[in-house]
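Hi there,

Here is the structure I promised to pass on. My notes follow below it.

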Amino acid sequence: MDVVKADFAKQLPLFESALSNADFIAVDTELTGLQPNGPDRPKPFETPDQYYARVRDSAKSFGVSQYGVCPFKWDSESHTFVAFPFNFNIFPSSYASSDKVFTVQASSLTFLANHKFDFNKWIYEGIPYLSRFDEERLRKAGAPFVSGRRPTNGGDIVISQQRDHLFIDRIKQQVSDWLGDEAANAPLELEPCNSYLRRLIHQELAKSFTGLVTEAVESRFVRVTRMSQEERTRREQELTAKAEDEFSAAVGFRRVIDLIAASGLPIIGHNAFLDFVHTWDKFVSPAPVSGNDFKTGFASLLPHVLDTKLIASRSRPLQAVITETALGEAFKKATSAEFELPKVEFAAGFDRYRDDGPAHEAAYDAYMTGVVLLRMLYKLGAETAPLTPDTFISSKSTFLDEF
């Protein structure tokens, strides 16, 4: 299921329902870059801290364009694992002072373009997000902000420029003339101006006049409306509610990460260390300098993590049959006749990938990761006892304890 900004609020309850009674969640990301000589594997003689530093630098430099999440549930009636792949197109919020800067790598964008990635959808329809760190910082600064009224850290703006004094004097005179015109019943729309001057207008008109409500319109100009006390109270409540909705929308996709963390379910990735550092850096707080600090923090967020590439590379029984551990090759092997169990189906309404999905779309890669995990898990289970189609082996099985 492809999810964009316009339908995110509608699909979030469906995602929450998909997590209910799931056995595990597979995840994957698409990124705007990796760095030359990418951070996907340690270099010879590189220490863990040096490797983490390279991965952290990459996560702090590049952005996430898609986040794929695929919960898997066991259906005891059909003896089938049911997959719910959600492809979240995401783009960082530019709410108030949260205006992220990230870089792109030409080869990575070319790679995405070659796999038919929709860059317009990413930018125009991507779901915004704020990290927990940014949300807390903005709330301390007074968020949610009614449009155009964001306070400065030091309180009121001090007017220091003569031209700004002259501008405000002119605006006050215009408002006074409008108030004195008994025939002027329509709201007064002031001249378009920049955000700094709009904030000055809100501030200075509130000091100089009573019985008025000011609101920013289309981030271009300020509208002034005469209202009774009752009307002003109601209008202020409406503006406050709108501000709450806008701030909630800015938090956006981060709610998915919160739901994943709250579920306590095992999280499965493939060669996923970079994905996990991005997850922390983009949705929790800036990735710490220390690798140990990251490890401790991430374990508190998602304590149960498995990596299918690591399992395929380290398990002796699996090494003999999965000789290529790149995700596409591992999936091809895991869906061959050598790996018959368990049966995996897409949930109703999630048939976007039924006839083979687009490789390197995040949700399809997450789905492939989940299938690889299940087929490897059952292969390991078959080493100890014969399996039948109705056999259920959980991702929490002791077969995976060493990983």
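How many disulfides does the count come to? Counting a disulfide as a pair of cysteine sulfur atoms within 2.5 Å, the answer is zero. Cys70 is buried at 0% relative accessibility, and Cys193 is buried too, at 14% (buried means under 20% relative accessible area, exposed over 50%, partly exposed in between, with a 1.4 Å probe and protein chains only).

Before the rest, a word on the source. This is a predicted model, in which local features need pLDDT of at least 70 and side-chain atom pairs count only at pLDDT 80 or more, while totals for chains, interfaces and linings use all residues. Residues are numbered from 1 along each chain as its sequence is written, and side-chain values use heavy atoms, leaving out hydrogens and water.

Now to the salt bridges (a side-chain nitrogen of Lys or Arg within 4 Å of a carboxyl oxygen of Asp or Glu). The whole structure has 21 of them. In one, Asp281 meets Lys60 at 3.1 Å, N to O. Asp281 sits in helix α10 and Lys60 in helix α2, so this pair ties together parts 221 residues apart in sequence (helices are DSSP runs of H or I, at least four residues, numbered from the N terminus). Asp281 is buried at 13%, whereas Lys60 is partly exposed at 35%.

Another salt bridge joins Glu136 and Lys140, with the closest N and O atoms 3.4 Å apart. Both residues lie in helix α5, four residues apart, about one turn of the helix. Glu136 is partly exposed at 45%, and Lys140 is exposed at 68%.

Enjoy browsing!

How values were computed: Helix = DSSP H or I, 4+ residues; strand = E, 2+ residues; numbered from the N terminus.
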